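Reader: I am new to this structure and would like to learn how to read it. Could you take me through a few features, one at a time?

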Amino acid sequence: MNKTLVAFALAAALPFAAQAAEYKQIQADKSAINFVYKQMGVSMDGHFRKFAAQLSFDPAKPAAARAILDVDLASVDAGSSDADQEIAGKQWFNTKAFPTAHFESSSVKALGNNRYEVAGKLTIKGRTQDIVAPATFTPQGNVGVFDGSFTIRRGDFAIGEGAWSAFDIVANDIQVKFRITASSTARSTATSGK
């Protein structure tokens with residue numbers, strides 16, 4: 001009798017065990033893209049006010065994950081309106097000709113302990129580079145938070161032309177930090193008996 005009850009309980013629990021969470025709905029108000037660079041040896045930072053993200057991530061199937069980010073470069077906030085206008089201008093981002101930066105993932109590799117390696121292509125000012133970004137994933141109920149960072153060389157993307165193409169005042173390395181918060185929709189992976 002006890003064995004029958006145990007078997008019934010296991011069979012009833014099976015659909016719940018087979019549930020998986022897929023994170024897709026971006027929470028823009030809880031997400032951020034920031035950057036850090038050095039100007040005359042002093043660390044400076046800023047962020048972008050506007051960006052769009054598409055995400056499909058199932059922790060049970062990280063290799064099938066996909067991420068696309070489009071950053072509105074004119075939404076840069078570097079601490080002052082003068083700095084923002086300068087950075088959006090022709091010698092830096094040239095937002096009139098190149099309004100967005102685009103990232104699209106090509107692979108997501110699980111490293112264990114909620115750590116991942118996200119590889120993909122980043123395009124800024126019509127120039128594309130391969131990047132690899134280490135990231136962590138923190139589940140918080142039906143919400144997941146992805147935190148990561150990577151470093152680009154601004155010279156690779158012609159960010160800072162003319163007199164700014166030298167790296168004596170503004171360093172070549174720019175660290176990009178991101179936090180993407182997404183809610184999940186639980187979906188059953190159990191097949192119907194019909």
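Author: Let's start with helix α2 (residues 81–88), where D84, I87 and A88 are buried. Buried means under 20% relative accessible area, exposed over 50%, and partly exposed in between, with a 1.4 Å probe and protein chains only. Helices (H or I, at least four residues) and strands (E, at least two) are DSSP runs, numbered from the N terminus. This is a predicted model: local features need pLDDT of at least 70, side-chain atom pairs count only at pLDDT 80 or more, and totals for chains, interfaces and linings use all residues. Residues are numbered from 1 along each chain as its sequence is written, and side-chain values use heavy atoms, with hydrogens and water left out.

Reader: Why do the buried residues of α2 line one face of the helix?

Author: An α-helix has 3.6 residues a turn, so residues three or four places apart point the same way. Seen down the axis of α2, the buried residues fall within an arc of 95°, so they line one face; the arc is that of the directions from the helix axis to the C-beta atoms. D82 and Q85 are exposed on the face turned away from the buried side.

Reader: Is L55 buried or exposed?

Author: L55, in strand β4 (residues 51–56), counts as buried because its relative accessibility is 15%. Its contacts (heavy atoms within 4.5 Å), not counting residues up to four places away in sequence, include F146 and A182.
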